[in-house]
Amino acid sequence: MRLYCGVYDGQYLWMNSRHFSTTPSFIRLDTTTGAMLNMGYLVKPPGFSAGAANNFRGLAFDPATKSLWFIPGEANMVLRLTMTTFTSTASDSATTNLHVHDGNSFSVQKDPPMPLVGPDYQLHGFDNWGSAGGFSKTTSEMFGGGLIVGDDLWLGPLPSTVELMKVNKLTGVMTKYGVPAGVTNSWGFIGLVYDGTSLWMIPYGSTELVQINPATGGMTGYAHSAGIYAFWGGIYDGRGFLWMTPVGANHVKRVDVTNAAMTSFTNFPVGCTAADYW
């Protein structure tokens with residue numbers, strides 16, 4: 001099994017394979033005990049269809065609803081994993097039962113309701129692509145990352161023909177915002193980062209790092225001068241800097257989120273060279 005991405009929800013680390021469709025390739029790890037649970041048994045929503053591979057290319061956790069979102073690659077829909085905690089209901093009232101003792105005697109007793117314990121996980125699908133106007137999701141329309149900001153799930157485009165999109169997590173309505181500039185080949189961005197004010201699309205094939213205003217969807221590009229196939233994901237450090245992880249670039253890139261000023265770090269450990277792909 002090869003796991004592709006992961007996200008932490010405060011208790012569990014969730015890890016997913018790109019090929020999660022009909023195979024058990026979705027793992028929940030308890031970070032306190034180290035115990036792992038195979039979540040591959042989950043029933044897919046009606047209408048779900050998968051491609052040959054690369055069905056999901058990211059996970060996003062929504063702390064407000066404690067839900068997990070799957071970012072579609074070749075899969076035809078966004079998936080949301082929700083958890084319901086079992087509780088006793090009025091129908092689970094005490095019952096009167098006949099108890100047999102040692103095979104020779106019996107008594108009538110009132111038994112308390114059987115406790116219902118543990119979480120129930122369910123997958124829900126969002127595929128209202130038509131609400132975005134003129135967008136039709138096929139296996140070639142893939143997204144390279146996503147995250148939750150407020151009431152919306154943002155989807156960053158991977159191929160150069162796919163647009164930046166937003167999914168309202170309450171209604172499922174989708175909005176598209178156009179194709180970002182600076183994409184010079186067929187692969188655009190892998191990873192989305194939020195700094196508390198702006199969204200940032202991490203450039204893979206794009207020659208520009210793209211900043212997004214989540215209120216308007218407006219985009220601003222900044223040349224990174226690291227060539228194509230440069231970075232694979234990034235992270236915000238909470239101190240005003242975005243960090244981009246190199247895959248083809250020969251340096252780690254730090255970006256000041258206040259002015260997009262970039263600094264390169266090349267002092268890799270001994271044994272790592274610019275030719276290494278991270």
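Tutor: Contact here means heavy atoms within 4.5 Å of one another. The model is predicted, so local features need pLDDT of at least 70 and side-chain atom pairs count only at pLDDT 80 or more, while totals for chains, interfaces and linings use all residues. Residues are numbered from 1 along each chain as its sequence is written, and side-chain values use heavy atoms, with hydrogens and water left out.

Student: Which residues is Trp14 in contact with, leaving aside its neighbours within four places in sequence?

Tutor: The partners of Trp14 include Cys5, Val7, Phe26, Met39, Leu59, Leu68, Leu81 and Tyr121.

Student: What makes a set of residues a nonpolar core?

Tutor: Its members are Ala, Val, Leu, Ile, Met, Phe, Trp, Tyr and Cys residues that are buried and joined through side-chain atoms within 4.5 Å. Buried means under 20% relative accessible area, exposed means over 50%, and partly exposed lies in between, with a 1.4 Å probe and protein chains only. The largest core has 19 residues, of which Trp14, Phe26, Leu68, Phe70 and Leu81 touch the most other members. Strand β5 gives the largest share of this core, three residues. A second, separate core of 16 residues includes Trp69 and Ile71.

Student: How do you know that strand β6 is mostly covered?

Tutor: Strands are DSSP runs of E with at least two residues, numbered from the N terminus. In β6 (residues 67-72), six of its six residues are buried. Ser67, Trp69 and Ile71 point one way, whereas Leu68, Phe70 and Pro72 point the other way. In a regular strand, side chains alternate between the two faces of the sheet.

Student: Why is His124 called partly exposed?

Tutor: His124 has a relative accessible area of 27%, and this value lies between the 20% and 50% limits, so the term applies. His124 is found in strand β10 (residues 119-126).

Student: What makes the approach of the His124 and Thr82 side chains a polar contact?

Tutor: A polar contact is a pair of N or O atoms within 3.5 Å; within protein, one must be able to donate a hydrogen and the other to accept it, and residues adjacent in sequence count only if both atoms are side-chain atoms. The side chains of His124 and Thr82 make such a contact at 3.0 Å, within the 3.5 Å limit.

Key. Helices (H or I, at least four residues) and strands (E, at least two) are DSSP runs, numbered from the N terminus.
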